[in-house]
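Visitor: I am new to this structure. Please show it to me, and then I will ask some questions.

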Amino acid sequence: MTLAAQVKHAAYDALRHLYPDTPIDMNTITVNQTKPEFTGDYTIVLFPFLKLLRQKPDAIGKQLGDHLLENTSIFASYDIVAGFLNLTIKDSYWVSFLLGHHTRTDFGQQMKTDHRVMVEYSSPNTNKPLHFGHMRNIFLGAAMAEILRADGKQVIKANLINDRGIHICKSMIAWQHYANGATPESAGIKGDHLVGDYYVKFNDIYKEQVAALIAQGKDEKTAEKEAPIMAEAQDMLRKWEAGDKAVRDLWETMNNWVYRGFDESYKKMGITFDKVYHESETYLLGKKIVEDGLAKGVLFRKEDGSVWVDLKADGLDEKLLLRGDGTSVYITQDLGTAKLKYDDYKLDRSIYVIADEQNYHLQVLKLIMKKLGEPCADGIYHLSYGMVELPTGRMKSREGTVVDADDMVSEMVRLAQEQTEAAGKTEGFSGDELAKLYETIGLGALKFYLLRVDPRKKMVFDPKESIDLHGFTATFIQYAHARICSILRREQLPLVPDATRFQSFKQAEPISINEKEMLVQLEQYPAILADAAAEYNPASLCNYAFKLAQTFNTFYDVHSISKAESEEKKDLRLMMIIMTASILRHSMGLLGIRMPEKM
RNA sequence: GGUCCGGUAGCUCAGUUGGAUAGAGCAUCAGCCUUCUAAGCUGAGGGUCAUUGGUUCGAAUCCAAUCCGGAUCACCA
């Protein structure tokens, strides 16, 4: 149980004992961390009891404080300030906390349960390379998967590749017309970028054709429908669904180019998956689900043969599930995938990391599954995140403002190198070590930048700010970690000492304010981690780790560790910084950010 | 227009189930390296928590209305 919870329970027991005739609800007890300007560690708010007990705050505070001091072992003293009971925790509590946990590398982690969770993220289309918007998705999904795993869940990291549909056909058509058989090898371009180039080409041609038709006097809608290249793409989609060999072969070839490109990008980003789904393998199941729904009478068919679901009773509209020509739409394949995921793993929860522009889509998906009586429906959870925007507004591929993922990673690594060299911190490293360090810093900065904001909020990507390695950044945290490692090297201690090293530690001197600040934060890590899991919010880990690093830096400035006032103080501080480094590694590790031992 | 999300310092963001004088980072200004890594530390300035009303001992937080911004309401994915 966390310290804050212990305080709350102690207060509850005390109040019940002191006022047996007045029932007190646990929820009326508020325990906060004491503000730094007051003496104490944790504060019980007395106001809620005034009316209940018909006494003045000072009187209640005194009785409660006295009782807590006499009947529990964790409090050293108390202080009442205007309705707040500030409690100071005994130094011995902190000492035993340190002795009990400083050798752990998994402090904060929960026991494994059999609760099964799938986290789906990345989920790219195979018609263009990954861009900056994907990166928020990818890092968020990967971080959430690790956080949930640390929270005791059985986690399956899944990638759903959107490998079929009209968008792929567009790239294929343009490639057929304009590529002269170019391959990634012959063109010297990464496969995903090559295919993406032809998707762009398609759109250019399409726009030209529409413009030409409008010039001939057609209205916009008709022009969009009649553009010949679009008709070709649609024809190709039908052939694909019919299993046309030539189309399937080209499709396979081009997709494989893209996969090799993606794999390279994922590898660079340090991203892995446990399971990969392809929509080409699930859309038929989706169609089957629709047909079953039709048979059950949950869905209905219109005159043109298209199939719909009526969601008016749920405040939504009618939604198309199959086109008149029998081809499936976006949501059709999602129905199949949702069921398949559930059947594969018997999931308690299935998390979709998808941008908030698809809130409606996910709502519809869950609703349809529920209507169809599929058991997977209840577990569907949309982890909806806000879009990444530039200071000038939304990124638009049309205007060429989309930031490419591969470029972004190399740029950040390059900047890490530039700034490390400028700071003159390259001595004592081999070439390989430096390359690894730049990657650790650059990639860490990027991940942290994208994860430090509450995922639900849309965020602004300011290129100028993202390259800053000062302040609220991964670099700041990495630096604190490297400082700790440096001290441990000097003391000839491993990052995690064995349990006998501080076994005979006996506390003699009082804990200082700066020491206490660190201890309070160290103790809170398990609660922060549990909260990040419960709220699906990696940003709280970013905030916590930054604060911990900040507190360490101040502590480091105020107190010498190697030259502490006494051997006893030195040991105490060594245990503290060992634990600090372990928690920084653990928390940032969940976000996929490495902590260097030297920088 | 319907639905959903958001509005906190010049900028980017924190702010637990309502609790003490609303906090960080960046930017600006002033200090701190003969002492464990200055990618650091200390301090200063900077706020009508969009607005108005309500609930209460107490509201950035809860409720209502209004204003502003965004997303979505496709036989695109």
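Visitor: Which element gives the largest share of the surface near RNA strand B?
Guide: This is a predicted model. The elements that give two or more residues to that surface include strand E2 (42-45), helix H2 (47-53) and helix H18 (474-490). With 8 residues, the largest share comes from H18.

Visitor: How do the residues of the surface near RNA strand B divide by class?
Guide: The surface around RNA strand B has 66 residues, and among those that come nearest are Asp304 and Arg483. By class, the residues of this surface are 23 nonpolar, 23 polar and 20 charged.

Visitor: What part of RNA strand B lies 2.5 Å from an N or O atom in the side chain of Lys51?
Guide: The side chain of Thr43 has an N or O atom 2.7 Å from a base nitrogen of RNA strand B. For the side chain of Lys51, the part at 2.5 Å is a phosphate oxygen.

Visitor: Which side chains meet in a salt bridge across the interface of domain 1 and domain 3?
Guide: Domain 1 covers 3-89 and domain 3 covers 405-590 of chain A. Across their interface the rule finds 1 salt bridge. At 2.9 Å, N to O, the side chains that meet are those of Lys516 and Asp41.

Visitor: What area is buried between domain 1 and domain 3?
Guide: The C-alpha centres of the two domains lie 34 Å apart. In contact are 6 residues of domain 1 and 4 residues of domain 3. Carbon and sulfur atoms give 36% of the buried area, which is about 410 Å².

How values were computed:
Residues numbered from 1 in each chain as written. Chains lettered and ligands numbered in written order. Predicted model: local features only at pLDDT ≥ 70, side-chain atom pairs only at ≥ 80, totals over all residues. Heavy atoms only, no water. Domains from an automatic or database assignment. Contact = heavy atoms within 4.5 Å. Buried area = accessible area lost by both parts, 1.4 Å probe. Salt bridge = Lys/Arg side-chain N within 4 Å of Asp/Glu carboxyl O. Near = heavy atom within 4 Å. Polar contact = N/O pair within 3.5 Å; in protein donor to acceptor, adjacent residues only side chain to side chain. Helix = DSSP H or I, 4+ residues; strand = E, 2+ residues; numbered from the N terminus. Nonpolar A, V, L, I, M, F, W, Y, C, P; charged D, E, K, R; others polar.
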